[in-house]
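Hi everyone, thanks for coming. Let's look at this one together and walk through what the computed features tell us.

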Amino acid sequence: MQNAKDTFYVMLQSRLAALNPSRTIVVRGVVRPGTLVVENELPTGSIPVDVFRMEWTGLRVDSAASLPLVAMECSIGYCTDGTSGDGGMDRGRLLAGMDAELASALGAEPHTAQKMNYSAAGAGVAPIAMGTDVFWADPVFGAVTSVDGRLARTSTVQVFAYQEVGEL
Amino acid sequence: MSDLGGSSAAARATDVLLRATGGRKVMLRMPAPAIPADVAEQLGVATPTFQDLPLAPVVYRKARATIAAGVATKCELLVSATAVEAIVGSLAFASASVLFATAYGILSDDELLEIVAASEEQVFGRPYVYRLLLRTPLTQVV
């Protein structure tokens, strides 16, 4: 199931980056697209704004078929303070923009991606294509919360994949 | 006395005070810069290397931290602004807040403490001491 999680992250990051290349984050001195998996980063108490933070929050395995079907819930959190130069008055518009980007990225066809094995991938080493696909449902958008002027929302999406033989 | 002179005098006085009250050295553990476009790091496959930078003088605000069952112990560390400014300058960070947000933790007596929050005390617009709220590792919570 780790391969499915990695594949879904890479797919979503590339789609979101294509929709809005200016949405970036600086992680340890390097600028990269503004999507990250929280569990893959160093623990930190600070929450970055204007980026998408993915967390894997649910798991269900259906072993009835020859290939177990894995259903995972991915929570995608994002928040914004608005533009400081505008006094934060545009925070609603910025959050709506992130809503639209996420809905567009996850709603675009196809709703599938070939599962890849990234465990040996690195600089100059390509991931290994696997035999099945990762597919996902439409996102469910949670309610907006507002704390000290910061607008935040968490959306969830169900991600499915078949567990191949020998796959961890 | 000019503002600049007053602020630097406050920083020096704080350093003296920290040393006089048992000032000690801890290490600031910094992760190495990320590798551009390396998907392995973004997926948690490859981990960064770390470097430890000396931070002195520092003083724990309370010698004994408050302990509660099942909750990570927290303590407060007072850090010399002079030492922080030296690191911020040598590593070319934009500010001390960025430095502490990037840091992985404080290594104190072979124990790695997570930085929960950082704040500063100023005089004439210049920090003279930094206050770090630290948390013990979750593995030590009973």
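Let's start at one side chain: A:Phe52, leaving out residues up to four places away in sequence, touches A:Leu16, A:Gly34, A:Thr35, A:Ile76, A:Tyr78 and A:Leu102. Contact here means that the C-beta atoms, placed from the backbone, of two residues lie within 7 Å.

Before going on, a word on the source: this is a predicted model, where local features need pLDDT of at least 70 and side-chain atom pairs count only at pLDDT 80 or more, while totals for chains, interfaces and linings use all residues. Residues are numbered from 1 along each chain as its sequence is written, and chains are lettered from A and ligands numbered from 1 in the order in which they are written.

So where does A:Phe52 sit? Along with A:Ala4, A:Phe8 and A:Val159, A:Phe52 touches the most other members of the largest nonpolar core, which has 27 residues. Such a core is a set of buried Ala, Val, Leu, Ile, Met, Phe, Trp, Tyr and Cys residues joined through C-beta atoms within 7 Å; buried means that 20 or more other C-beta atoms lie within 10 Å of the residue's own. Among the elements giving two or more residues to this core are H1, strand E4 (52–62) and helix H2 (91–107) of chain A. Helices (H or I, at least four residues) and strands (E, at least two) are DSSP runs, numbered from the N terminus.

H1 of chain A covers residues 2–19 and reaches 26 Å from its first C-alpha to its last, close to the 26 Å expected at 1.5 Å a residue, taking 1.5 Å times one less than the number of residues. Its buried residues include A:Ala4, A:Phe8, A:Leu12 and A:Leu16.

Zooming out, chain A has two helices and 10 strands. Its radius of gyration is 17 Å, close to the 15 Å of the globule rule for 168 residues, so chain A is as compact as a globular protein of that length; the radius is taken over C-alpha atoms, and the rule is 2.2 Å times the number of residues to the power 0.38. Of those 168 residues, 26% count as buried.

Now, how many residues does each chain bring to the contact between A and B? Chain B gives 20 and chain A gives 18. On the chain B side, they divide into 15 nonpolar, three polar and two charged, where Ala, Val, Leu, Ile, Met, Phe, Trp, Tyr, Cys and Pro count as nonpolar, Asp, Glu, Lys and Arg as charged, and the others, Gly among them, as polar.

Notes. Buried ≥ 20, exposed ≤ 12 C-beta atoms within 10 Å, placed from the backbone.
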